[in-house]
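Here's a quick briefing for anyone meeting this structure for the first time. Have a look at it below, then read on.

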Amino acid sequence: MTEKMILDGSRVAGEMKETLKGRVEALAAAGTTPCLATILVGDDPASETYVRMKGNACRRLGIESRRIHLDRGTTTGQLTEAIRTLNDDPLVHGILLQHPVPRHIDERAAFEAIAIGKDVDGVTALGFAQNAFGFAAYPSCTPAAILAILDYYRIPIEGKHAVVVGRSPILGKPVSLMLLNRNATVTTCHSKTSDLPGLLRQADIVVAAVGRPRFIQGDWIREGAVVLDAGYNEGNVGDVDYDACLARASAITPVPAGVGPVTIAMLLKHTVDAAEKAAATAGR
Ligand code: NAP
């Protein structure tokens, strides 16, 4: 039997945060406290949990977490105004608008209101385009986390066939582009894809970004494939049928403690990167 590798996201995130500690301390000594502003619109319990987790992770590292909670009835105009106020605030280095926003809000317009220098989750069209070209300062955090896990475990990407299931602008599309930029051959699948199991059976690397619990079946996975599960569904389950996929995969991320913690660590890293840039510009 081939040896299985469980890709431990908590370990990857722990090492990333350890490195960030020293950078946060150096910034503090020079008079800058990195600050991430998170905006939550409405009262979706899952979104509230995500925002709270991000705030706690910031505080544990000495990063200020400024939380803006707007009520459910907030208009697109009021939301973009709140974002512009944060753009203009020199004490804020990163802005994260928690997705999804209530349906009446034009989410794209809200994302576009975020200044590129504070777009630490790569949600703006410009941030997305920079990522596509391969020079984004802040690529979308979950895709960047997936690449960081592959790199941490020295899993080769070049020349491999990666099949990404999902094409959302924050996950499936950017991770497809990042894998392509690293010389993988990429197939991006979605709800209209024909013969998804057949395509997955050709994959060396599988990225699950579907938003449907235990959707990817074990017999869709080729023996020895690497499986990265970005999914996070109610009941702490991912988008892959973990036990069945583990039986076929050579390496797999668990849920929880896989992609999730690295996504948060990536957000912290991008916030510290942005704070360092702001401090360097102010010192000029
Ligand atoms: P999303 O915007 O709902 O996109 C889901 C994608 O899956 C869509 O492109 C959709 O295709 C595709 N899809 C749906 N049903 C399918 C099917 N039967 N066959 C093939 N493709 C199908 O979701 P998202 O925001 O990208 O999130 C995806 C998952 O990642 C969720 O579980 C979410 O909770 C998780 N997530 C995790 C993190 C983290 O930090 N770990 C961060 C963000 C999201 P169409 O485009 O055709 O509709």
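Which residues does Val262 touch, not counting residues up to four places away in sequence? They are Gly9, Val12, Ala13, Met16, Ala145, Ala148 and Ile149, with contact meaning heavy atoms within 4.5 Å. Keep in mind that this is a predicted model, where local features need pLDDT of at least 70, side-chain atom pairs count only at pLDDT 80 or more, and totals for chains, interfaces and linings use all residues. Residues are numbered from 1 along each chain as its sequence is written, and side-chain values use heavy atoms, leaving out hydrogens and water.

**The cores**
- Val262 is among the residues that touch the most other members of the largest nonpolar core, which has 50 residues.
- A nonpolar core here is a set of buried (under 20% relative accessible area, 1.4 Å probe, protein chains only) Ala, Val, Leu, Ile, Met, Phe, Trp, Tyr and Cys residues joined through side-chain atoms within 4.5 Å.
- Helix H10 (259-283) gives the most to this core, with 10 residues.
- Apart from it lies another core, of 20 residues, including Leu70 and Leu79.

**Helix H3**
- Leu79 turns up again in H3, where it is buried along with Thr80, Ala82, Ile83, Leu86 and Asn87.
- Those residues sit on the same side of H3, because they cover an arc of only 155 degrees around the axis, going by the directions from the helix axis to the C-beta atoms.

**The sheet**
- Six strands make an open sheet, in the order E1-E9-E8-E7-E5-E6, with parallel pairing (at least two DSSP bridges between two strands).
- Strands E1 (5-6) and E6 (185-189) stand at the edges, each with a single partner strand.

Notes
Helices (H or I, at least four residues) and strands (E, at least two) are DSSP runs, numbered from the N terminus.
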